[in-house]
Amino acid sequence: MGRLALRKTFRVIMLQLLVARGFALQPTLQGHQARRFCSRKNQRNVAAIRSALHNQNDNTETSVEEYQNKNNIRDQVFSAMSADGSIKVTACTARNLVNDLMIMHTMTATPADALGRAVTCALLASNGMQDEQIFQLTLNTGMLTAISNDVADGPLRGVVATSTGKGEVRGYVGSPMLGDMDLAEAVGLGTVQIVKNHPDWPRPYTGISAVRHGDIDRDIGAYLAESEQRSCALAAATSINGILCTAAGGYLVEQLPNADKETVARVGENLATLVERDGGDKLPTNLLLGGVAPIEIAEIILDGLGMQPLQQIEPTFVCKCSQDRLVRALRLLSTEEVEEILEKEEKIEARCEFCGKVYRMTPEEVKTEFAEATGDPAKDSDFKE
């Protein structure tokens, strides 16, 4: 491939990625800096959760009826705390969301399983964050890994999932039409990269670890333990039947500071009970298929510890791609490069990786947009969502 062809291919790929550039977070801090940040943030989150729990206990006991979700008809993320404030449990069901993603991306079973698990992990890990805060997880495969220098040759070619604190999610996989194969084989080698951001932060924060298992949830759990020093148990899985997702969800159990040995031991016993009741190798899909709702999963895990509900949210798919973002991406290129694309292609065309929407602009439209454009395209502060 000649140099001109390489430059052209690079520009096309950049346009595809930059349509939704505002959500595709770029890492800036790694290692001990990210760990120190996460530690400080976790301490503040723990204090906020315990304060909310104290206020709730001061009021009349909240009825659990509002958290019921018969047969998991609706998607739901439910969180609760033990009475002593030392254990937090978040559980979710996201079958409808995964079905929407399968249709949106025309995904077969294995890619749908991977993306369903990734979206579930993002929802669980982002629970309790501020509404505007963004949690993005990426499994980088099909490239040289940053940790082992081995070639990451998974045919799935990567997974990306993002969630805000209020449960707005989106995601995609590199090969949505991949044939039937084992999930770990499809994911292959690579790295797990987590990025957190907020509109008010000067820069995002990131952490990275290796893909060791390829089943998504265990790799995300290993990242939380290694990079954020969070004592937790994470499970996420889906049940795919042909072109239909019949169950999707998971749970995250977090041990907060000052948890005593008796409490930790009781949680371990309760988790063993949960695993036994599910009886399968894709925990907790059998429970979800049997109609066990997120609140019931939390009740099992917190049995004997005085479960106190915290909140529930209904996750939704939200993509913020737009033609304005495409124009902003084009303005980051030089005038000569834009003119060269228009001369060769006679149009500008870009596809959003998250929702599949295709944007097309004629040379006249590009000229008009450039003439009317204001603000610095490199500065988020110059543009409102």
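Colleague: Let's start with helix 9: how many of its eight residues are buried?

Modeller: Six of the eight, so helix 9 is mostly covered. Buried means under 20% relative accessible area, exposed means over 50%, and partly exposed lies in between (1.4 Å probe, protein chains only). Helices (H or I, at least four residues) and strands (E, at least two) are DSSP runs, numbered from the N terminus.

Colleague: Before we go on, what sort of model is this?

Modeller: This is a predicted model, where local features need pLDDT of at least 70 and side-chain atom pairs count only at pLDDT 80 or more, while totals for chains, interfaces and linings use all residues. Residues are numbered from 1 along each chain as its sequence is written, and side-chain values use heavy atoms, with hydrogens and water left out.

Colleague: Thanks. Which residues of helix 9 are buried, and what do they pack against?

Modeller: They are Pro294, Ile295, Ile297, Ala298, Ile300 and Ile301. The buried residues of helix 9 pack against strand 1 (76-81), strand 2 (87-93), strand 9 (244-255), helix 7 and helix 8 (285-289); contact here means heavy atoms within 4.5 Å.

Colleague: At what angle do helix 7 and helix 9 cross?

Modeller: Roughly 135 degrees, with the axes of helix 7 (residues 261-278) and helix 9 (residues 294-301) coming within 8 Å. That makes helix 7 oblique to helix 9. Angles under 35 degrees count as roughly parallel, over 145 as roughly antiparallel, 65 to 115 as roughly perpendicular and the rest as oblique. The axes are lines fitted to C-alpha atoms, for helices over the stretch in contact, and angles run from 0 to 180 degrees between N-to-C directions.

Colleague: Which residues make that contact?

Modeller: Helix 7 brings Val267, Asn270, Leu271, Leu274 and Arg277, and helix 9 brings Ile297, Ile300 and Ile301. By type, the residues of this contact divide into six nonpolar, one polar and one charged.

Colleague: Switching topic, how many residues are in the largest nonpolar core?

Modeller: That core has 44 residues, and those with the most contacts inside it are Val119, Leu137, Leu139, Leu156, Val159, Ile216 and Ile220. A nonpolar core is a set of buried Ala, Val, Leu, Ile, Met, Phe, Trp, Tyr and Cys residues joined through side-chain atoms within 4.5 Å. Helix 4 (residues 109-126) gives the largest share of this core, 10 residues. A second, separate core of 26 residues includes Phe78, Leu287, Ala293 and Leu302.

Colleague: And helix 6, how many of its 11 residues are buried?

Modeller: Eight of them, so helix 6 (residues 217-227) is largely enclosed by the rest of the structure. Among the buried ones are Asp217, Asp219, Ile220 and Tyr223. Gln229, which follows helix 6, has a positive phi near 50 degrees.

Colleague: How many disulfides are there?

Modeller: Zero, taking a disulfide as a pair of cysteine sulfur atoms within 2.5 Å. Cys321 is in none, and its nearest cysteine sulfur, that of Cys355, is 3.5 Å away. For Cys352, also in no disulfide, the nearest is that of Cys319, 3.6 Å away. Cys321 is buried, at 13% relative accessible area, and so is Cys352, at 1% relative accessibility.

Colleague: Last one: where does Glu339 sit, and how far in space is Pro363 from Glu339?

Modeller: Glu339 is in helix 11 (residues 335-345) and counts as partly exposed, at 49% relative accessibility. Pro363 is 24 residues apart from Glu339 in sequence and 8.6 Å apart in space, C-alpha to C-alpha.

How values were computed
Nonpolar A, V, L, I, M, F, W, Y, C, P; charged D, E, K, R; others polar.
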